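User: Here's the model I'd like to talk through. Could you take my questions one at a time?

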Amino acid sequence: MSETMSTNEEKKLPLDGRRAIPPNNSNDEENEVPEMEAFGVIPRGFNPRDYLRVEDIYMFKEPHEINKQEHHTDKYYNPKLIVRRGQPFQIQIYFNRPYKPETDQFWLEYLMGRYPQQNKGTYIPILVGNVLKPGQWGAKIIHRENNSIRLSIMSSTTCIIGKFRLYVAVLTPFGILRTRRNSATDTYILFNPWCQLDAVYLDDEKEREEYVLNDVGIVFHGNVEEIKSRSWSYGQFEENVLDACLFLMDKAELELSGRGNPIKICRVASAVINSRDDNGVIAGSWNNTYDYGVAPSAWTGSVDILLEYYSSKQPVRYGQCWVFAGVFNTFLRCLGIPARLITNYSSAHDNNANLRLDFFLDDEGKVDTRLTKDSVWNYHCWNEAWMTRPDLPVGFGGWQVVDGTPQETSDGMYRCGPASVQAIKHGHVCFQFDAPFVYAEVNSDIFYTKMEKNGTQVVESIDTTHIGQLIVTKEVGGDRMMDITAEYKFREGSDEERLALETAVMYGVKKQSIQDTTYQPQTDVEMDFQAQKAVLGNDFKVTVTFRNKSRNSYTATTYLSGNIVFYTGVTKSEFKKHSFSAKLEPSSSSSFDIVIKSSEYMSDLLEQASFHFFVTARINETGKILAVQKATVLEIPTLRIKTKGELVAGKEMSVIVEFTNPLKQTLENVTLRLEGPGVLRTIKKQFGRIPMNSTLTWEVKCIPMRPGLRKLIASLSCDALRHVYGELNVQIQKP
């Protein structure tokens, strides 16, 4: 008795006084659909076999067949049907006898989730009609032959994104007969940048090929003086990646009914990409110790990260900004939202959106690290996603900033965006989401402020051009860099720039006016410095140059402070202090060299080989202070990749990775990774040690699956040396 009791109770929904049914936010869960839904008491002689019955459904789901070809989904390594919304697709239904439209009645049902409801878009019944209306659900017969009919089905342009279950229902006098649950007929529906009525419509075919269909990209890093680049494998078409991306929306508990809206999807995804406050995909680590995980610089792409998260359901360790951005880009492109990865050089990490970063100087003019809390990231990566913004006034659609790196909370969670790039450029930062934060990242000024003994602050120097100097992304159809700074800001010093700033201030971006502080700049002497390009492990020099434009002679007491920094601009240690007195003759320029020895920096070096130099000079005759800061990055050795054998799809080939250790020390516990979408899945190999000047060679055999131009990407990682990459374009021939 007790057993039957408990099973009955299980079938009942949990009682909740607030909602009739529980929230429907899992694409994975299902409800049971009856094969026979009776209208009442069924008469004794009723035999369902007497009526029209579905024997089989053919989905045209192979990569070479019409659906995947026309919907640009033929690259997905997934056996099920994948189509894009708002565009017709075909299926063929085989009945037990010829279909008679006069007497037979059948319809299709698409269901999603555990509690399908028609008004929520999770239960979609489709009657067969004579015409298909653009942008609306419908079906019509386009071919009849013997016992089969072929249907053309149109999905709505606002349809939910995800995996639907398909049933065919037939009407009989005594009830509805349905097909059995068959996962082979499941249909994935994605965003459609090719469809004019879709919110993510992009009108340029070359841009669609780049921003939706390209499965490799380039991450620009380093700093503005020495831009470095590396390839990243997005792998949005690889096996199980689509399911992993749908799982992220389940993890974020986004209601199924909201999943047709790219704005909502981007907002929840920017939170779930990082593990802060929701156990999301990647755990960030910026402290140079990566125990029990993978160093951020060692990843070569997104696939390993997404698949590990999909199977373990635990945050993957570790990431930094380009890893968050790389995985976010995979997620967006996989679902069909056009996306690109952006790098902002000299990015302000401002704690209170006041457009001002404060660097405090002590009496001697050196930066006081105790008081200085703000930092400038050498670079910061985020993403842009393309969509209309019906929630904003006209003109703010197009590229939207979304950022998965956890920096600040927004509405109580670590997330950022979508923020309209157009709104940021024009200073309209009142429009959601998080525009003031992004505006500050690209527009802040640096204030060098001296604390006097009596507690007053004197502003010694203001640098208005350092932050957001260069904003870039990969060009369409090539590997070069495209400068998109002009999409975020007007020319420095132009009237439009001033107007955009006034607009931003009017809408609540805090900016202290110069009048609040005492500030008289030193105008007749200019100072700058240049760091020589240097290879890791070598000495290099820093040259400080003064230009005295006045007719007076001056002497300048000059301090150089060299710091080893994380790429976020946070100092780990000061490795070089140097002061000298410079004599400045009237109307002339003079230069001073300071040598930096490798022995001074090698022991403390961090993985991005980044230095940060502050040079401050006090003009003794006037008491004025000049200050300049710059980041510099060492050249890191690269991996060499070559291939052996024929490069033909389906035939075995070899990939050879070589690396020569240039350091004056032995490298220990070295990890190599190699991957190439369509050529080989990620392979890892550990090497115990590589003595100085010796060369390591690693040969991998693989069978490339897809013809065309593919990219091989490799990385090397060990405690003493990180950010070592190599890449090679390979043309795989058709068999």
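User: What is E492 in contact with, leaving aside its neighbours within four places in sequence?

Analyst: With T464, T465 and E497; contact means heavy atoms within 4.5 Å. Quick background: this is a predicted model, where local features need pLDDT of at least 70, side-chain atom pairs count only at pLDDT 80 or more, and totals for chains, interfaces and linings use all residues. Residues are numbered from 1 along each chain as its sequence is written, and side-chain values use heavy atoms, with hydrogens and water left out.

User: Why does E492 count as partly exposed?

Analyst: Buried means under 20% relative accessible area, exposed over 50%, and partly exposed in between (1.4 Å probe, protein chains only). E492 comes out at 33%, so it counts as partly exposed.

User: And why is D445 called buried?

Analyst: Its relative accessibility is 11%, so D445 goes down as buried.

User: What makes D479 and K711 a salt bridge?

Analyst: The term asks for a side-chain nitrogen of Lys or Arg within 4 Å of a carboxyl oxygen of Asp or Glu. For D479 and K711 the closest N and O atoms are 2.7 Å apart, and they form a salt bridge. D479 is partly exposed at 36%, whereas K711 is buried at 7%.

User: How do you know that R370 and D368 form a salt bridge?

Analyst: Their closest N and O atoms are 3.7 Å apart. R370 is exposed at 61%, while D368 is buried at 16%.

User: Why are both D250 and R259 called buried?

Analyst: D250 has 13% relative accessibility, so it counts as buried; R259 has 0%, so it does too. Their side chains meet in a salt bridge at 2.8 Å, N to O.
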